[in-house]
Amino acid sequence: MTHIFNRQMEKEKRRILRSRMTEAECFLWKHIRNKKLGGLRFRRQVSIGCYIFDFYCAEKRLAVEIDGSYHNQKEVQKNDAYRTEFLTSLGIS
C-alpha cells in the first residue's frame, strides 16, 4: 500500500504551516487540542496525499480546512473540488 499520510516530502512545509497558523486556526486549535472535543484526538497540519489539512481526526476520518476568501476564486474552487473528491475516495470527510 502506498504511504499517503504525512509523507516525508511535505514535512518541512507542515512544520512551517504549524508555526504560521492563522488567527482562526489558533482559535479552533485551542478548543480541540488535547482531546478537548469529545475526547477525540486532532492533529495539526496533516498531509494526505499531496494536500495538507489544517486539522485531522483519524478516529472519525475527518479532515478540517479553515478557508479564507482565497477559496472564493474559481481556479481555487476547482482545486478544492478535486481535493474533496480525493478525500471522499479514501472515506474521509
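E10 counts as buried, at 10% relative accessibility. In this predicted model, its side chain meets that of R7 in a salt bridge, 3.1 Å from N to O. R7 counts as partly exposed, with 24% relative accessibility.

**Salt bridges**

A search of the whole structure finds 3 salt bridges. Side chains of opposite charge can pair when their charged atoms come close.

| Pair | N to O distance |
|---|---|
| R7 and E10 | 3.1 Å |
| R15 and E12 | 3.0 Å |
| D80 and R83 | 3.5 Å |

R15 and E12 both sit in helix α1 (residues 11-19), 3 residues apart, about one turn of the helix. R15 is partly exposed at 41%. E12 is partly exposed too, at 44% relative accessibility. D80 and R83 belong to helix α3 (residues 74-89), where a spacing of 3 residues separates them by about one helical turn. D80 is buried at 14% relative accessibility, and R83 is buried at 12%.

**E25 and helix α2**

E25 lies in helix α2 (residues 23-32). It is buried yet has no salt bridge. The nearest side chain of opposite charge is R44, 8.0 Å away. Leaving out residues up to four places away in sequence, E25 touches Q45, D54, F55 and I66.

The buried residues of α2 are E25, W29 and I32. Seen down the helix axis, they fall within an arc of 75°, so they line one face of α2. Their cover includes β1 (43-48) and β2 (51-57). On the face turned away from the buried side, α2 carries the exposed residues E23, F27 and K30. Just after α2, N34 takes a positive phi of about 55°.

Conventions. Residues are numbered from 1 along each chain as its sequence is written. This is a predicted model: local features need pLDDT of at least 70, side-chain atom pairs count only at pLDDT 80 or more; totals for chains, interfaces and linings use all residues. Side-chain values use heavy atoms; hydrogens and water are left out. Helices (H or I, at least four residues) and strands (E, at least two) are DSSP runs, numbered from the N terminus. Buried means under 20% relative accessible area, exposed over 50%, partly exposed in between (1.4 Å probe, protein chains only). Lys and Arg count as positive and Asp and Glu as negative; His and the chain ends are not counted. A salt bridge is a side-chain nitrogen of Lys or Arg within 4 Å of a carboxyl oxygen of Asp or Glu. Contact means heavy atoms within 4.5 Å. The arc is that of the directions from the helix axis to the C-beta atoms.
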